Amino acid sequence: MDQILFSIQAEYNKKNQASCYVCHDRVVLETRSTNKFLRVYLNKNRVIPIRDIVRVEISSASRKVFAPRPNAIHFVVKDSYRTLDQMYRDTRFKAHQYIDEGVQQLLPQGSDDLMNKLLVAGKIKDFIDSEIQKRNKES
């Protein structure tokens, strides 16, 4: 496997986790659940080639219970049609669907954890933005 440049690990609860790994040429999103009855996530992987990413959006809403949007990083690809706000406000949209839309939830365990995850998300965004700029110059 290629070298992992950045990673974000998030835990919904002890039995439901989400991970994001960024390599030189791709983003790997994973969700795992060991819960048999109340699954928040499905056991899924999604690989997004960096060449397919149009932009990266970071959403930060602090740790408020009724936050206006999720704490997340969204890897927007060419065929994306939903924003984070649309996903978050849709009551029929479930947490296990975020991976299909290219979203890694941050699920902070506290203020310090949120700041650390936002710092890593910012580095991921900067890296992918620089790759997008290189791609645009070559075109």
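**View 1. Glu 30 and Asn 45 mark the pairing of E3 with E4.** Glu 30 stands opposite Asn 45, a residue of E4. The model shown here and in the views below is predicted. E3 and E4 are joined by six bridges and pair in the antiparallel sense. H2 packs on the sheet and touches E1, E2 and E3. The direction of H2 makes about 140° with that of E1.

**View 2. Four strands form an open sheet in the order E1-E2-E3-E4.** The pairing in this sheet is antiparallel. Strand E1 (6–13) and strand E4 (44–49) stand at the edges. Each of these two has a single partner strand, so one side of each is left without a neighbour in the sheet. On average, neighbouring strands of the sheet are turned by 10° against each other, direction ignored.

**View 3. Asn 16 is a buried residue of strand E2.** Strand E2 covers residues 16–22. The relative accessible area of Asn 16 is 0%. A polar atom of the Asn 16 side chain lies 3.2 Å from the backbone nitrogen of Val 40. Leaving aside neighbours within four places in sequence, Asn 16 is in contact with Ala 10 and Glu 11, with Arg 32, Ser 33 and Asn 35, and with Leu 38, Arg 39, Val 40 and Tyr 41.

**View 4. Cys 20 and Cys 23 are not joined by a disulfide.** The count of disulfides in the model comes to zero. For Cys 20, the nearest cysteine sulfur is that of Cys 23, 9.7 Å away. At 9.7 Å, the sulfur of Cys 23 is too far from that of Cys 20 for a bond; the cut-off for a disulfide is a pair of cysteine sulfur atoms within 2.5 Å. Cys 20 is buried, with a relative accessible area of 0%. Cys 23 is also buried, and its relative accessible area is 0%.

**View 5. The largest nonpolar core contains 21 residues.** Val 27, Ile 53, Phe 75 and Ile 128 touch the most other members of this core. At least two residues each are supplied by E2, strand E3 (26–33), strand E5 (53–59), strand E6 (72–77) and helix H2 (111–138). H2 gives the largest share, seven residues. Leaving aside neighbours within four places in sequence, Ile 53 is in contact with Val 27, Ile 48, Phe 75, Val 76, Val 77, Ile 128, Ile 132 and Arg 135. Another core, of twelve residues, lies apart from the largest one. Val 40, Leu 84, Val 103 and Leu 107 are among the residues of that other core.

**View 6. Strand E6 is largely enclosed by the rest of the structure.** Six of the six residues of E6 are buried. Both faces of the strand are covered, with Ala 72, His 74 and Val 76 buried on one side and Ile 73, Phe 75 and Val 77 buried on the other.

**View 7. E6 pairs with E5 and with E7.** E5 and E6 run antiparallel and are joined by six bridges. Within this pair, Val 76 in E6 is the bridge partner of Arg 55. Three bridges join E6 to strand E7 (residues 103–105), and these two strands also run antiparallel. Here Ala 72 stands opposite Gln 105 in E7.

Technical notes: Residues are numbered from 1 along each chain as its sequence is written. This is a predicted model: local features need pLDDT of at least 70, side-chain atom pairs count only at pLDDT 80 or more; totals for chains, interfaces and linings use all residues. Side-chain values use heavy atoms; hydrogens and water are left out. Buried means under 20% relative accessible area, exposed over 50%, partly exposed in between (1.4 Å probe, protein chains only). A polar contact is a pair of N or O atoms within 3.5 Å; within protein, one must be able to donate a hydrogen and the other to accept it, and residues adjacent in sequence count only if both atoms are side-chain atoms. Contact means heavy atoms within 4.5 Å. A nonpolar core is a set of buried Ala, Val, Leu, Ile, Met, Phe, Trp, Tyr and Cys residues joined through side-chain atoms within 4.5 Å. Two strands pair if DSSP finds at least two bridges between them. Axes are lines fitted to C-alpha atoms, for helices over the stretch in contact, and angles run from 0 to 180 degrees between N-to-C directions.
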